Every structure is written in structure tokens, then in C-alpha cells.
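Visitor: I'd like to learn how to read this model feature by feature. Could you walk me through it?

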Amino acid sequence: MTENQIQFLRGCSATILAFAATGLIAAIFLSPDEPKNNSKFEVIDQYEGCSVIRYTDSTTRWHYFLKCS
């Protein structure tokens with residue numbers, strides 16, 4: 001390989017590395033700080049004055065309940 005080809009490859013590698021590092025830093029610092037909802041219970045509907053509640057267990061199966069208060 002000639003010296004020009006080696007310099008070209010080094011330049012391309014440095015450019016790709018710079019874009020990757022910039023993207024990684026942006027992804028880290030610009031990520032949303034909103035808390036994630038890890039609740040296993042969720043009110044999904046209303047039925048005759050009662051709340052329809054969906055419970056997600058550890059196997060990701062859904063169970064539905066009616067809560068009337």
C-alpha cells in the first residue's frame with residue numbers, strides 16, 4: 001500500500017470513530033430522564049362504574065380484575 005492509501009484509511013477510520021463517539025455521547029446525555037412505569041397494575045377501562053384492572057405477572061401473562069368501590 002502506498003503512503004496516500006494508508007493516510008486515506010487512517011482519515012476514514014478517524015472520521016468514523018469521531019461520528020460514533022459523538023453519537024454515543026449524545027445518546028447518553030440526551031436520553032430522557034422520565035421515570036419508567038414499572039407498575040404491574042394498570043387501569044385500562046371502566047365497566048358499569050367499576051375499574052377494569054390489568055395485572056401483568058412475571059411471565060408477562062395478563063390477568064383482568066374489576067374493582068368497584
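Visitor: Let's start with burial: what share of the 69 residues in the protein is buried?

Guide: Buried means under 20% relative accessible area, exposed means over 50%, and partly exposed is in between, with a 1.4 Å probe and protein chains only. Here buried residues make up 9% of the 69 residues. Keep in mind that this is a predicted model, where local features need pLDDT of at least 70, side-chain atom pairs count only at pLDDT 80 or more, and totals for chains, interfaces and linings use all residues. Residues are numbered from 1 along each chain as its sequence is written, and side-chain values use heavy atoms, with hydrogens and water left out.

Visitor: And the accessible surface of the protein, what does that come to?

Guide: Accessible areas come from the Shrake-Rupley method with a 1.4 Å probe, and for residues only the protein chains shown count as cover. The total for this protein is about 6500 Å², and carbon and sulfur atoms own 61% of that.

Visitor: How do I read the strand pairing, say for β1 and β2?

Guide: Two strands pair if DSSP finds at least two bridges between them. Strand β1 (residues 41-47) pairs with β2 in the antiparallel sense, over six bridges. β2 is also joined to strand β3 (residues 62-67) by six bridges, again antiparallel. Val52 is a handy landmark: Asp45 stands opposite Val52 in β2, and Val52 in turn stands opposite Leu66 in β3.

Visitor: Is strand β2 enclosed or open, and why?

Guide: Five of the seven residues of β2 (residues 50-56) are buried, so that strand is largely enclosed by the rest of the structure. As background, side chains in a regular strand alternate between the two faces of the sheet.

Visitor: What about the hairpins: which residue takes a positive phi in the hairpin of β1 and β2?

Guide: That's Glu48, with phi near 50°, in a hairpin that has two residues between the strands. The hairpin of β2 and β3 has five residues between the strands, and there Thr60 takes a positive phi near 60°.

Visitor: How many disulfides does a search of the whole structure find?

Guide: A disulfide is a covalent bond between the sulfur atoms of two cysteines. The test used is a pair of cysteine sulfur atoms within 2.5 Å. The search turns up one: Cys50 and Cys68, with sulfur atoms 1.7 Å apart. Cys50 lies in strand β2 and Cys68 in the segment after β3, so the pair ties together parts that are 18 residues apart in sequence. The torsion about the S-S bond of Cys50 and Cys68 is about 105°, so this disulfide is right-handed. Cys50 counts as buried at 10% relative accessibility. Cys12 is partly exposed, at 30% relative accessible area.

Visitor: Next, salt bridges: which residue does Arg54 form a salt bridge with?

Guide: The rule asks for a side-chain nitrogen of Lys or Arg within 4 Å of a carboxyl oxygen of Asp or Glu, and it gives two salt bridges here. Arg54 forms one with Glu42, the closest N and O atoms being 3.0 Å apart. Arg54 sits in strand β2 and Glu42 in strand β1, so this pair ties together parts that are twelve residues apart in sequence. Arg54 is buried at 17% relative accessible area, while Glu42 is partly exposed at 41%. Arg61 forms a salt bridge with Asp57, and there the closest N and O atoms are 3.7 Å apart. Arg61 counts as exposed at 53% relative accessibility, whereas Asp57 counts as buried at 14%.

Visitor: Which residues is Arg54 in contact with, leaving aside neighbours within four places in sequence?

Guide: Contact means heavy atoms within 4.5 Å. With those neighbours set aside, Arg54 is in contact with Lys40, Phe41, Glu42, Ile44, Trp62, His63 and Tyr64.

Visitor: Last one: which residues form the nonpolar patch on the surface?

Guide: Patches are made of residues with over 30% relative accessible area and no salt bridge; like charges are joined within 9 Å, and nonpolar side chains (Val, Leu, Ile, Met, Phe, Trp, Tyr) within 5 Å. This patch consists of Leu24, Ile25, Ile28, Phe29 and Leu30, with about 610 Å² of accessible area together. Leu24 belongs to helix α1 (residues 3-29) and is exposed, with a relative accessible area of 54%.

Note on methods
Helix = DSSP H or I, 4+ residues; strand = E, 2+ residues; numbered from the N terminus.
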